[in-house]
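Subject: Handing over a structure, with notes on its side-chain contacts

Hello,

Please find below the structure I promised to pass on to you.

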Amino acid sequence: MERSFSKEVEALRLGAGATFRGEGILAVTKALLQSGVSYVGGYQGAPVSHLLDVMVEAKDLLAELGVHVEACTNEAAAAAMLGASINYPLRGAVTWKSIVGTNVAADALSNLASPGVIGGALIVLGEDYGEGASVIQERSYAYAMKSSIWLLDPRPDLPTIVHMVEKGFELSEASHAPVMLDLRVRACHLTGEFTAKDNKPGLYNAQHRLAGPVRFEYGRLSHPPATFAQERLKIEQRLPAAQKFICEQKLNEVIAGELGEIGIIVLGGLNNGLLRALARLELADLYGSSRIPIYVLNVAYPLVPEEVQQFCAGKRAVLVVEEGSPNYVEQQINVILRGVGADTRVYGKGSLPASGDYTSEVMLRGIGAFVSAARPTGIDAEAISRRVEEIVAHRAGALAAHGDIPARPPNFCTGCPERPVFAAIKLVQRELGPIHISADIGCHSFATFAPFSLGNSILGYGMSLASAAAVAANMAKRPIAVMGDGGFWHNGLITGVASNLFNKGDGVLVIMQNGYVGNRPAIFTVEQRTSRRRVDRDQHRENASLTRRQLAAHGAQLQRRQNGGDAERSHAQRRARAQSDHCRRRMHAGAAAPYPRGASRQA
């Protein structure tokens, strides 16, 4: 069942001084309109789907503001939209699920970051990492570092998220670099409120268009030899400009604490979990105050060396809280401190695990290990360790009190029409024996779980047929590839189908036409459109014949009306024009055919 966003759309109209209440990702949507965005694009995927859903449903409001919105065919197309901000003072925002979407968009992002931007360019990432994630466990930090794209990781409360969206555009324009806004699942779906501002149209937009293109400038192209100069600009100009803006605008925050011997450096998105863990150990309160000083990195990249040095001054030890590996932030903190001869000891991985979601229990154990190692004055380290064990043990006791809880593994929804497809495959395997199954991203991947247990690989969205190519050439039986219609149009048509036809592959492709991704209408194949036209034509002829019979019964007749000339001449003209168009299409197809003639005919 589709969800209506009519209530959320009305909230987007709130003006200055009104109170906006809602989810984090909807607050981002409102912040974009307050920032004067000219265009928005993206590819749907949790946890950022609602941003695009609301934008599409708010077409009347966006038309008033002149905001252009596109539901893109994939993340690469969305990233390429930001090319408008390379030459023109247009603020643009795109969104997708990360890390998978960022992988798809990587080429366009590199070619965007190299020449830089004039208008603010913001990439809203739904960082699907950790507990409850549905994709491979990697982070977006590496992309920010390698391409010099600044990475915002706001503290999870609505005023901070909205503020960082607005400042993200300013940071992008001040440093001429694109900016990523990283939102974890919890940040996207937390609820809260903030004081709204008036929406404002972009400097140029659909209602106030640019008069024409800018003067040609080769240096705005990501093409040699300009790329060599652009690399220097990233390091020598854009990075210092970004660090200066971050420092002057105080985008990072410091929570003061009485225990000056130690400190904690935390990525903004993990701040709430950290404070909750400290509160359970009676080292913080419920209102955000902490006994241990905390440096909150609302900007995860780049770091500002002067801020790091100032926070660590006089401290014997600091704990760096960042999820996943490599420990990018911890390494940078060490380099900054050792470069100025500071002897502050840096704890991170070791006190905290090198992988996985930093849940409440993980945070508790990490803080306990850090306090036990650093042993600051004013904290009873043994008491903290005992308290950690008591809290953790309580969870096991609660589970034991309830007894065994039935497991509920992921599976198809009740009544899902995809279930019989995989039941049929199981029946086929009874007759033919085991078959290699290349699975894909989507609901159909639930078939990898019991009772079906079908699937030997998942290589990415729309990649199932391509991942079966080498298997087919080295196996006696044809493999089966399964993908959804979303994956087919996202990547599967070119990567899988076109390559398979060109290389004369031999396999079976099953496409689930469920319209799941964004509930978009399925794009029909040429054969389906031709079939539909044929049905419509036959129905029209049948209706016309019935009408003639009814008119004849009353002594009347139906005549075809011609627009000038007699019917015979008009028919001859239409026939000649159709033959001419057919010849042109054949000539064009022959000139641009991507496959040998034999392969084309076979396809």
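A salt bridge, as the word is used here, is a side-chain nitrogen of Lys or Arg within 4 Å of a carboxyl oxygen of Asp or Glu. Please keep in mind that this is a predicted model; a search of the whole structure by that rule finds 20 salt bridges.

One of them joins K97 and D128, whose closest N and O atoms are 2.9 Å apart. Because K97 belongs to strand β4 (residues 92-98) while D128 sits in the loop between β5 (121-127) and α8, this pair ties together parts that are 31 residues apart in sequence. Both K97 and D128 are buried.

Another salt bridge is formed by the side chains of R155 and E253, again with 2.9 Å from N to O. This pair links distant parts of the chain, since R155 is found in the loop between β6 (150-152) and α9 (158-175) and E253 in strand β9 (residues 253-255), 98 residues apart. With a relative accessibility of 26%, E253 counts as partly exposed, a class that lies between buried, under 20%, and exposed, over 50%.

R387 and E390 also meet in a salt bridge, at 3.8 Å from N to O, but here both residues lie in helix α16 (residues 381-402), three residues apart, which is about one turn of the helix. R387, at 36% relative accessibility, counts as partly exposed, and so does E390, at 49%. There are also salt bridges that share partners, and these join E361, R365, E389 and R395 into one network.

Turning to the aromatic rings, the count comes to 13 aromatic pairs. In one of them, the rings of Y141 and Y301 have their centres 6.0 Å apart and their planes at 70°, so the pair is edge-to-face, given that planes over 60 degrees apart are put in that class. Y141 is in helix α8 (residues 141-147) and Y301 in strand β12 (residues 299-301), so that this pair, too, links distant parts of the chain, 160 residues apart. Y141 and Y301 are both buried.

Ring pairs also link F412, F422, F446, F449 and F452 into a cluster. Finally, a charge and a ring come together where the charged end of K315 sits over the ring of F311, 4.5 Å from its centre.

Best wishes

Notes
Residues are numbered from 1 along each chain as its sequence is written. This is a predicted model: local features need pLDDT of at least 70, side-chain atom pairs count only at pLDDT 80 or more; totals for chains, interfaces and linings use all residues. Side-chain values use heavy atoms; hydrogens and water are left out. Rings of Phe, Tyr and Trp (its six-membered ring) pair if their centres lie within 6.5 Å; planes under 30 degrees apart count as stacked, over 60 as edge-to-face and the rest as tilted. Helices (H or I, at least four residues) and strands (E, at least two) are DSSP runs, numbered from the N terminus. Buried means under 20% relative accessible area, exposed over 50%, partly exposed in between (1.4 Å probe, protein chains only). A charge sits over a ring if NZ of Lys or CZ of Arg is within 6 Å of the ring centre and within 35 degrees of the ring normal.
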